[in-house]
Amino acid sequence: LKLKDPATGLSADLSVQNDLPVFKSKLLAEYSRIDHRLKHLVLVVKTWAKARGINCAAQGTLNSFGYTLLVVHYLQNISPPILPRLTDAAIELKGEARDRAVAAGRDLVVTLPEHPQGQVGPVVVHHHSTGALAGWG
């Protein structure tokens, strides 16, 4: 069920007895803990797509989550990767991500949520300094 508040323009999707959206939200939150720049890059890409009118699945383009997956895929497949692939249940934070977690008093291990259809195999995480990523601020 899609909802939109006419006063604020805020949109929301409501689903019942569907674990997949909860999994997606938890997964993206945990990926954001691994590298906080994910959220910013996703917002840039989604804003870019919206400005060009290419963010509506009903009109034959990708939806918002589709663009999010493209960003995650890119960050998993550049060399070396910034984000791990979804192949392990837990990832220890290192480098800048670990420093941010310590400063915030959060756990130093990211536990990826279990997919409603089960788990898959091991993850390798590569860590970059901010200067190593061209175009990232």
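**Notebook: Y67 and helix α3**

I located Y67 in helix α3; helices (H or I, at least four residues) and strands (E, at least two) are DSSP runs numbered from the N terminus. The model is predicted, so I note that local features need pLDDT of at least 70 and side-chain atom pairs pLDDT 80 or more, while totals for chains, interfaces and linings use all residues. Residues are numbered from 1 along each chain as its sequence is written, and side-chain values use heavy atoms, without hydrogens and water.

**Y67.** I looked up its accessibility: Y67 counts as buried because its relative accessibility is 9% (buried is under 20%, exposed over 50%, partly exposed in between; 1.4 Å probe, protein chains only). Leaving aside residues up to four places away in sequence, I found that Y67 touches V45, K46, W48, A49, I54, N55 and L62 (contact: heavy atoms within 4.5 Å). I also noted L43, 24 residues from Y67 in sequence and 9.6 Å away, C-alpha to C-alpha.

**Helix α3.** I read off residues 64-77 for α3. Its buried residues are G66, Y67, T68, V71, V72, L75 and Q76, and I see them pack against α1 (19-34) and α2 (37-51). At the start of α3, I found a side-chain oxygen of N63 within 3.2 Å of the backbone nitrogen of F65.

**Confidence.** I checked pLDDT, the predictor's confidence in each residue from 0 to 100. The protein has a mean of 76, with 75% of its residues at 70 or more. Among its elements, α2 has the highest mean (94) and strand β3 (residues 90-92) the lowest (67). I recorded pLDDT under 50 over residues 119-137. Where pLDDT is low, the predicted coordinates should not be read in detail.

Notes:
The expected span of a helix is 1.5 Å times one less than its number of residues. A polar contact is a pair of N or O atoms within 3.5 Å; within protein, one must be able to donate a hydrogen and the other to accept it, and residues adjacent in sequence count only if both atoms are side-chain atoms.
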